[in-house]
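This briefing goes through one protein chain by topic. Please look over the sequence and the coordinates before reading on.

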Amino acid sequence: MRLVEEITIARPFIKWVGGKTQLLDEVRKSLPSDFATRKHLTYVEPFVGGGAVLFWILQAYPNIEHAVINDINKELICTYRVIQEDVENLIEMLSNIQSEYIPLNAESRKDYFMEKRTLFNSKTISPEETAALFIFLNRTCFNGLYRVNSKGAFNVPHGKYVNPRICDAENLRACSSILQKVEILCGDFSETGCYAGPRTLYYFDPPYKPITETSSFTSYAKDGFDDKEQIRLRDFCDQISKRKALFVASNSDPKDVNPKANFFDIIYNHFIIKRVSATRMINSDANGRGAVSELMISNVVNA
Ligand SMILES: C[S@@+](CC[C@H](N)C(=O)[O-])C[C@H]1O[C@@H](n2cnc3c(N)ncnc32)[C@H](O)[C@@H]1O
């Protein structure tokens, strides 16, 4: 008999470009020093993506009473909702997909992937099937990328993982349990403004400003996130700060490539800006990966 019940720690259920797992400690250092003892907190994450910060923060700070997540990607948000409301059905669907896919040879796996990708892009399937295919495609596509074409169709090719874990039932159940106190929205980040108040913390992780002219823009959704959008986000930070909400925002540092580039230093000059070290795919590095700095911008004074 087990004396101590094992508790599964909920981790992101998908791989997402820009995932923030490596920056969790920096986010923690940017929080107010008494954050763990504050009461009646609301946490808002308007660009949730794979939710690395969401799952970590809700488990590290059980004093967060309520959370709100948002993303513009409809299929991603549909998947969060299905995990919240109908996780057992999702697990059954994924486990069926896993037992169909894994025994196939390389060529048949590719055909199976392409068939499911076409079905996913048909947008005629139920939310449960959308969620199952979203996770399946993420686990079996090239590098776990999410990229769509100008028509919004997912177009990442098949990857070559030998034994991908398509159905991680334990983690999905753990995520579902965490999501019970989360309100899930799908839209533009600005729609989360109504939650700003003295007991609210926002964490923003918008799409990166490309750090080289040639680095390909990662298209999570069919509309991009250019400098005008970055300024619209800064204006939003101004608005929520006036309503006494706290915020922490991360972004790539253009100074990595051009030491004179000071776009973020200028637009956020009235907030606190820290530079921390991270590892990221960059084109200027021969291996495509290198140490870069990440900007952590906030209005938290005592951090
Ligand atoms: C850098 S990713 C977030 C990564 C996330 N922190 C993680 O750990 O996986 C940026 C996210 O912003 C979303 N996005 C892009 N434009 C948006 C907008 N205008 N409003 C809300 N979300 C948006 C994208 O779909 C993407 O999921």
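This is a predicted model: local features need pLDDT of at least 70, side-chain atom pairs count only at pLDDT 80 or more; totals for chains, interfaces and linings use all residues.

Residues are numbered from 1 along each chain as its sequence is written.

**Whole chain**
- The chain holds nine helices and seven strands; helices (H or I, at least four residues) and strands (E, at least two) are DSSP runs numbered from the N terminus.
- Of the 303 residues in the chain, 34% are buried. A residue is buried if 20 or more other C-beta atoms lie within 10 Å of its own, exposed if 12 or fewer, and partly exposed in between, with C-beta atoms placed from the backbone.
- Among contacts with a separation of 6 or more, 76% come from residues 24 or more positions apart. Two residues are in contact if their C-beta atoms, placed from the backbone, lie within 7 Å.

**Strand pairing**
- Strand 1 (residues 41-45) runs parallel to strand 2 (residues 64-71), and five bridges join them; two strands pair if DSSP finds at least two bridges between them.
- Leu41 stands opposite Ile64 of strand 2.
- Strand 1, helix 2 (residues 52-60) and strand 2 form a right-handed β-α-β unit. Right-handed means that, with the strands pointing away from the viewer, the path from the first strand over the helix to the second runs clockwise.
- Strand 1 is also parallel to strand 4, through three bridges. In strand 4, Thr200 is the bridge partner of Thr42, and Tyr202 is that of Val44.
- Strand 4 pairs in the parallel sense with strand 5 (residues 246-252) over four bridges, and Leu201 stands opposite Leu246 in strand 5.

**Burial of strand 4**
- Five of the five residues of strand 4 are buried, so this strand is largely enclosed by the rest of the structure.
- In a regular strand the side chains alternate between the two faces of the sheet.
- Both faces of strand 4 are covered, with Thr200, Tyr202 and Phe204 buried on one side and Leu201 and Tyr203 buried on the other.

**Helix 4**
- Helix 4 (residues 87-101) has 15 residues and spans 21 Å from its first C-alpha to its last, close to the 21 Å expected at 1.5 Å a residue. The expected span is 1.5 Å times one less than the number of residues.
- Its buried residues are Leu90, Met93, Leu94 and Ile97. They lie on the same side of helix 4 because they cover an arc of only 95° around the axis, the arc being that of the directions from the helix axis to the C-beta atoms.
- An α-helix has 3.6 residues a turn, so residues three or four places apart point the same way.
- Helix 3 (74-85), helix 6 (127-140) and helix 7 (169-179) are among what covers the buried residues of helix 4.
- Glu88 and Ser99 are exposed on the face turned away from the buried side of helix 4.

**Arg199**
- Arg199 sits in the loop between strand 3 (182-186) and strand 4 (200-204).
- Arg199 has 16 other C-beta atoms within 10 Å and is therefore partly exposed.
- Leaving aside neighbours within four places in sequence, Arg199 is in contact with His40, Leu41 and Thr42.
- Arg199 and Ile64 are 135 residues apart in sequence, with their C-alpha atoms 9.7 Å apart.

**Phe236**
- Phe236 belongs to helix 8 (residues 227-242) and counts as buried because it has 21 C-beta neighbours inside 10 Å.
- Not counting residues up to four places away in sequence, Phe236 touches Phe189, Ser190 and Gly193.
- Phe236 and Thr192 are 44 residues apart along the chain, and 9.8 Å separates their C-alpha atoms.
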